[in-house]
Amino acid sequence: MDFHPSQIPIVKTFVVKDEKEAMESAIAMAEMGFEKQRGGFKVLMPKQEKVAKRIGFTVTTEINFRLKKLKQERNLRYWTYHHDSENYAIVLISANVFSDLGF
């Protein structure tokens, strides 16, 4: 990997503390659409391993479900990384947009 996910332009950042907020943010991302954006979405979550795993799983599965329901392209790329001392981050972007950006 020649880049770090933090270099991807971010359209919107969601700060998520629990699974309910994860589902709400996933719905919002799917409704905004990934193909229409010129960047990706970032989800910040607490650096508590069990909570972060549940949030990550909820975000990715809910986005897939919503995109399928909305008949949108589901070809996404995502990365999870240590954002800072208190948060993990997930960056999600359409594979086509990622390619267009030249990464």
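**View 1. The contact between helices H1 and H2 in the predicted model.** On the H1 side, Glu19, Ala22, Met23, Ser25, Ala26, Ile27, Met29 and Ala30 take part, and they meet Arg54, Ile55, Thr58, Val59, Glu62, Ile63, Arg66 and Leu67 of H2. Sorted by class, this contact has 10 nonpolar, two polar and four charged residues. The axes of the two helices are 8 Å apart and the helices pack at an angle of about 35°, in a crossing that is right-handed.

**View 2. Helix H2 and what covers its buried residues.** The buried residues of H2 are Val51, Ala52, Ile55, Gly56, Thr58, Val59, Thr60, Glu62, Ile63 and Leu67, and their cover includes H1, E2, strand E3 (76-82) and E4. In an α-helix, residues three or four places apart point the same way, because there are 3.6 residues a turn. The end C-alpha atoms of H2 are 30 Å apart, which agrees with the 30 Å that its 21 residues should span at 1.5 Å a residue. After the helix comes Lys71, which has a positive phi, near 55°.

**View 3. The largest nonpolar core, with 19 residues.** Met29, Phe34, Val43, Ile55, Val59, Ile63 and Leu92 are the residues that touch the most other members of this core. Two or more residues each are given to the core by helix H1 (19-32), strand E2 (40-46), helix H2 (49-69) and strand E4 (87-94), and the largest share, six residues, comes from H2. Apart from this core lies another, of 10 residues, which counts Phe3, Leu44, Trp79 and Tyr81 among them.

**View 4. The surroundings of Ile55.** Leaving aside residues up to four places away in sequence, Ile55 touches Val16, Lys17, Asp18, Glu19, Ala22, Met45 and Pro46. Ile55 is also one of the H2 residues in the contact with H1, and it is buried.

**View 5. Pro5, in the segment before strand E1 (10-15).** Pro5 counts as buried because its relative accessibility is 3%, against a cut-off of under 20%. When residues up to four places away in sequence are not counted, Pro5 touches Trp79, Tyr81 and Val91; Trp79 and Tyr81 are among the residues of the core of 10 residues. Between Pro5 and Glu62, the separation is 57 residues in sequence and 21 Å in space, C-alpha to C-alpha.

Definitions and conventions. Residues numbered from 1 in each chain as written. Predicted model: local features only at pLDDT ≥ 70, side-chain atom pairs only at ≥ 80, totals over all residues. Heavy atoms only, no water. Core = buried A, V, L, I, M, F, W, Y, C linked by side-chain atoms within 4.5 Å. Buried < 20%, exposed > 50% of the residue type's maximum accessible area, 1.4 Å probe, protein only. Helix = DSSP H or I, 4+ residues; strand = E, 2+ residues; numbered from the N terminus. Contact = heavy atoms within 4.5 Å. Expected span 1.5 Å × (residues − 1). Axes fitted to C-alpha atoms, helices over the stretch in contact; angles between N-to-C directions. Left-handed = near helix turned anticlockwise from the far one by under 90°. Nonpolar A, V, L, I, M, F, W, Y, C, P; charged D, E, K, R; others polar.
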